[in-house]
Amino acid sequence: MKRKILAAAKRSVAASEQQEPERLRTGKRKAVPLKAGDFLLTALVMVLVVFGVIMVFSASYYYAISEEGTPYYYLIRDIPYAVIGTAAMLFMANFNYHHLQKAALPVFGIILILLLLIFTPLGITLNNATRWLNLGITVMPGELAKPACILFTAAWLSSRRHSVRSLLHGILPCVLAAGVVAVLVAMQPSTTTAITIVIIVFGIMFIAGMSWKYIGGIFALAAAAFSVLILTDEEGYRLGRITSFLDPFADPQGSGYQVVQSLLALGSGGLTGVGLGKSMQKTLYLPEPQNDFILAIIGEELGFIGLLILLAVYLLLIWRCIHIALNAPDRFGLLLASGITIMLGVQVILNVMIVTSLMPPTGISLPFVSWGGNSLFVFMGSMGVMLNVSRHSAR
């Protein structure tokens with residue numbers, strides 16, 4: 001009788017395992033052919049990258065002549081960045097994202113070391129900010145910190161399924177990790193990047209099921225930390241950048257200069273723009289127009305309609321990312337894809353707000369479009385992860 005009961009139990013378990021979804025199984029996974037990936041996401045990313053290369057060349061034309069003696073300086077450097085970013089996207093699209101879960105803690109540790117190295121002689125200071133690291137190649141740890149925090153938070157909360165409901169074992173480790181990174185980034189200073197990191201980690205915890213009773217406490221903690229950073233700024237640099245957006249025309253030749261030139265560019269573009277390559281603000285009026293304020297040049301040259309089309313492409317891309325996250329095959333894939341989606345959406349929103357003087361101009365790039373190899377590498381690699389998650393999703 002005992003043998004019959006055991007045999008029946010084994011048959012029941014075997015039957016349930018056959019019916020159970022793949023993402024809920026534990027142990028060895030059955031090898032199945034992967035899907036081709038999300039074609040629409042790939043197409044949207046490549047459209048943005050090609051558009052970015054064109055606009056970087058257009059926006060930097062006169063600035064490159066003035067600083068480097070040739071109008072093609074940024075173009076001939078942006079194309080290799082795009083190629084490297086494409087290679088990173090293809091690699092991550094074919095690299096099983098489940099392996100990233102084991103690498104989360106070492107990657108986070110490496111990023112902390114890089115952030116600390118910024119405050120050594122290896123750090124590079126430009127425009128009163130030390131955000132770059134000279135390691136033979138120029139590395140921007142603040143950009144790398146965003147995917148590292150996404151990876152750490154997703155791995156921590158997915159390996160401890162109900163820990164997000166615990167203050168000690170779920171909330172506190174994630175808050176401490178994000179807090180340490182955000183403080184180090186804010187000290188560079190790069191306040192907007194620090195805010196982005198906090199929002200990303202908070203968003204992942206919220207999606208993981210964080211209780212509402214912790215939300216108010218986290219907001220209060222973030223506000224207190226931000227206040228400390230402002231009060232300890234003896235030179236008043238952070239406070240000046242924060243308050244300048246309230247009325248940039250009050251000091252149009254000082255703290256409000258960049259925002260004023262950005263608004264003039266957007267206003268000059270009108271409905272249809274002045275034409276590609278015909279911007280006036282890029283002729284040494286708007287400082288470094290190929291960087292964080294490239295959206296202003298796009299608005300001037302392509303007009304309000306051009307901006308609407310660009311934002312529509314971003315909305316489509318974010319929608320595809322949300323679709324991939326919702327159909328992720330497991331909890332780690334869900335949280336990882338959600339974090340990348342939040343990073344993309346928040347950075348687009350913050351960049352638009354900065355360019356339109358709705359928040360302080362503290363520096364944050366427009367994904368896939370602004371000049372910068374680190375940013376392009378991070379976002380294209382992240383899109384590769386999204387493609388990999390979509391390939392592992394159920395058919």
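These legends go with a set of close-up views of one predicted model.

View 1. Welcome to the chain as a whole: its secondary structure comes to 13 helices and three strands. Of the 395 residues, 48% are buried. Take the contacts between residues at least 6 apart in sequence, and 73% of them join residues at least 24 apart. The accessible surface is about 19,300 Å², and carbon and sulfur atoms account for 68% of that area.

View 2. Look for Lys 146 and Glu 143, whose side chains meet in a salt bridge with an N to O distance of 3.0 Å. Because Lys 146 and Glu 143 are three residues apart in helix 5, about one helical turn separates them. An α-helix has 3.6 residues a turn, so residues three or four places apart point the same way. Both Lys 146 and Glu 143 are buried.

**View 3. Helix 7 and the glycine that follows.** Helix 7 covers residues 191–208. From first C-alpha to last, its 18 residues reach 26 Å, close to the 26 Å expected at 1.5 Å a residue. The rest of the structure largely encloses helix 7, because 13 of its 18 residues are buried. Just after this helix comes Gly 209, with a positive phi of about 110 degrees.

**View 4. The largest nonpolar core.** This core has 101 residues. The members that touch the most others are Leu 41, Val 45, Leu 317, Leu 336, Leu 344, Phe 368 and Met 383. Helix 11 gives the most to this core, with 14 residues. In soluble globular proteins, nonpolar side chains tend to be buried together.

View 5. Arg 320 and Asp 38 form a salt bridge, and their closest N and O atoms are 2.5 Å apart. Arg 320 belongs to helix 11, while Asp 38 sits in the loop between helix 1 (2–19) and helix 2 (39–68). Arg 320 and Asp 38 are both buried.

**View 6. Glu 301 with Lys 282.** The side chains of Glu 301 and Lys 282 also meet in a salt bridge, at 3.0 Å from N to O. Glu 301 lies in helix 11 and Lys 282 in the loop between helix 10 (257–269) and helix 11, so the pair ties together parts that are 19 residues apart in sequence. Both Glu 301 and Lys 282 are buried. The count of salt bridges comes to three.

**View 7. A nonpolar patch on the surface.** Finally, we turn to the outside, where Leu 271, Phe 304, Ile 305, Leu 308 and Ile 309 form a nonpolar patch. Together they have about 490 Å² of accessible area. Phe 304 lies in helix 11, which covers residues 294–326. With a relative accessible area of 46%, Phe 304 is partly exposed.

How values were computed: Residues are numbered from 1 along each chain as its sequence is written. This is a predicted model: local features need pLDDT of at least 70, side-chain atom pairs count only at pLDDT 80 or more; totals for chains, interfaces and linings use all residues. Side-chain values use heavy atoms; hydrogens and water are left out. Helices (H or I, at least four residues) and strands (E, at least two) are DSSP runs, numbered from the N terminus. Buried means under 20% relative accessible area, exposed over 50%, partly exposed in between (1.4 Å probe, protein chains only). Contact means heavy atoms within 4.5 Å. Accessible areas come from the Shrake-Rupley method with a 1.4 Å probe; for residues, only the protein chains shown count as cover. Patches are made of residues with over 30% relative accessible area and no salt bridge: like charges are joined within 9 Å, nonpolar side chains (Val, Leu, Ile, Met, Phe, Trp, Tyr) within 5 Å. A salt bridge is a side-chain nitrogen of Lys or Arg within 4 Å of a carboxyl oxygen of Asp or Glu. A nonpolar core is a set of buried Ala, Val, Leu, Ile, Met, Phe, Trp, Tyr and Cys residues joined through side-chain atoms within 4.5 Å. The expected span of a helix is 1.5 Å times one less than its number of residues.
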